[in-house]
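Visitor: I'd like to learn how to read a protein model. Could you walk me through one?

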Amino acid sequence: FCYLCCVHVLACCCGSAACSCCCKCCPKIKQSTGTRIMYALYFLLVTVLCAVMMSPTVEQALKENIPFYAEFCQTVNAGEDCKTLVGYAAVYKVCFGMACFFFFFCIFTIRVNNSTGCRAAVHNGFWLLKFIALVACCAGGFFLPNESTFLEVWRYIGAVGGFIFLLIQLMLLVEFAHRWNANWYSGVKYNRLWYAALAFVTLVLFSVGVGAVIFMGIFYTHPEACLLNKIFLGINGSLCLVVSLLAISPFIQKLQPNSGLLQPGVITVYVMYLTFSAFSSKPKEMVVIDGVNTTVCVFPFNSGTESDKKIVTGLGTVILFGCVLYSCLTSTTRRSSAALRVCRNTEPETEVNAQPYQEYDEEQTGSGQNVVYDEREGTIYSYAFFHFVFFLGSLYVMMTATNWFHYDNHKIEKLLDGSWSVFWVKMASCWVCLILYMWTLVAPIVCPKRFVA
């Protein structure tokens, strides 16, 4: 059994066979799922490497615990104590390599429609060779000429790509709100209790939104400071009210009978979350109160000890990059791809083929996990778009890890500290989300021919 498992692992790493676990007790895995998991692991490995490169704590630990650390750095021409392998410049170079890797596969897999061709075989297999190629791409970034020019140009490319990544997620959020409302409205035909469910969830969403406005009004504003917080909290709250009234207005209801308060409820909660995140990311403000400099417009929470702060920062970093990885995977499903390419009122293709497992080709791997080949007739997701989203995700990770445009003296331990770059990115995301949702409401009025069934 061990021999068969080793043979299967070699076929996966160096051939076109799909990857699977060596444990027989593991449930069946689809070829498409296994492939996406493997690319996600590659993405996660490079993301962890970027976090390490931006952490002086890890750098100091390596220096203290690795024997002959200084000699090793000199041997590989990495500068004194490997200074060229840490900092924002190193993260830019590594993410450049990862972005090139995914961009190449994006071009390579254009118009791949099934898993039987040679290009699909490369996409779904040869994992060891692709890992070596990824390492070579990341290492190659350190040998680029004209480093200062490269970093300056790549910074702006990363900012554009990172914001496009955010835009894709916002578009999918709006689509999710519409799809949720449509699905629950369709349930009303079979059970009137769906109306009660819709009303309850809508009430909860708007209660959370109003509560968030009150919370931020109490803790993130001050009579003598935080003018931007007051202005943007009023603007974002007012815009949420406007889109809510627009969604239930008679002329919108006439063209979109299913339009209701559930969708603006989802958008309101997300916009309030982004507003809260933007306020938390803004540099702290100080005012003189009773002759003492006092930090204002922050949540009154003190970690107490340095170890507590490290735990909070570490947990926040893991959650942040976990959300990025989740966004990369969910935005490349068949349903999400369709939502980004067709009109909203077009029914996207189902994500899961209706055929049961037994009708797919299944590979028996002896002592290992069984693989279901679910893409014989056609691909479950767009290979090219999958790699394109991971390409954008690479740029977003690069900009996030280096604090966007405030990269000087930044370190991963300060990822949750404030900066104006992060503040404006998140605030702009609020407005883009509201504009996108508003467009989905008025688009049938502005372009009626496109929405005629």
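This is a predicted model: local features need pLDDT of at least 70, side-chain atom pairs count only at pLDDT 80 or more; totals for chains, interfaces and linings use all residues.

Guide: Residues are numbered from 1 along each chain as its sequence is written, and side-chain values use heavy atoms, leaving out hydrogens and water.

Visitor: How many bridges join β2 to β3?

Guide: Two strands pair if DSSP finds at least two bridges between them. Here β2 (residues 285-289) and β3 (residues 292-296) run antiparallel and are joined by five bridges. Glu 285 stands opposite Val 296 in β3. Strands (E, at least two residues) and helices (H or I, at least four) are DSSP runs, numbered from the N terminus.

Visitor: And how do I read a pair of helices?

Guide: Two packed helices are described by the angle between their axes and the distance between the axes. Axes are lines fitted to C-alpha atoms, for helices over the stretch in contact, and angles run from 0 to 180 degrees between N-to-C directions. Take α9 (residues 193-219) and α12 (residues 262-281): their axes come within 9 Å and cross at roughly 25°. That makes α9 roughly parallel to α12; angles under 35 degrees count as roughly parallel, over 145 as roughly antiparallel, 65 to 115 as roughly perpendicular and the rest as oblique.

Visitor: Which residues in α9 and α12 meet?

Guide: Contact means heavy atoms within 4.5 Å. Among them are Leu 205 and Phe 206 in α9, and Val 269 and Met 272 in α12. The residues of this contact of α9 with α12 divide into 16 nonpolar, five polar and no charged. Ala, Val, Leu, Ile, Met, Phe, Trp, Tyr, Cys and Pro count as nonpolar, Asp, Glu, Lys and Arg as charged, and the others, Gly among them, as polar.

Visitor: At what angle do α8 and α16 pack?

Guide: α8 (residues 147-187) and α16 (residues 420-446) pack at about 40°, with their axes 10 Å apart. These two helices, α8 and α16, are therefore oblique to each other. By class, the contact of α8 with α16 has 14 nonpolar, three polar and no charged residues.

Visitor: What about α10 and α16?

Guide: The axes of α10 and α16 come within 10 Å and cross at roughly 15°. That makes α10 roughly parallel to α16. Residues that meet include Phe 232 and Leu 239 in α10, and Trp 424 and Trp 431 in α16.
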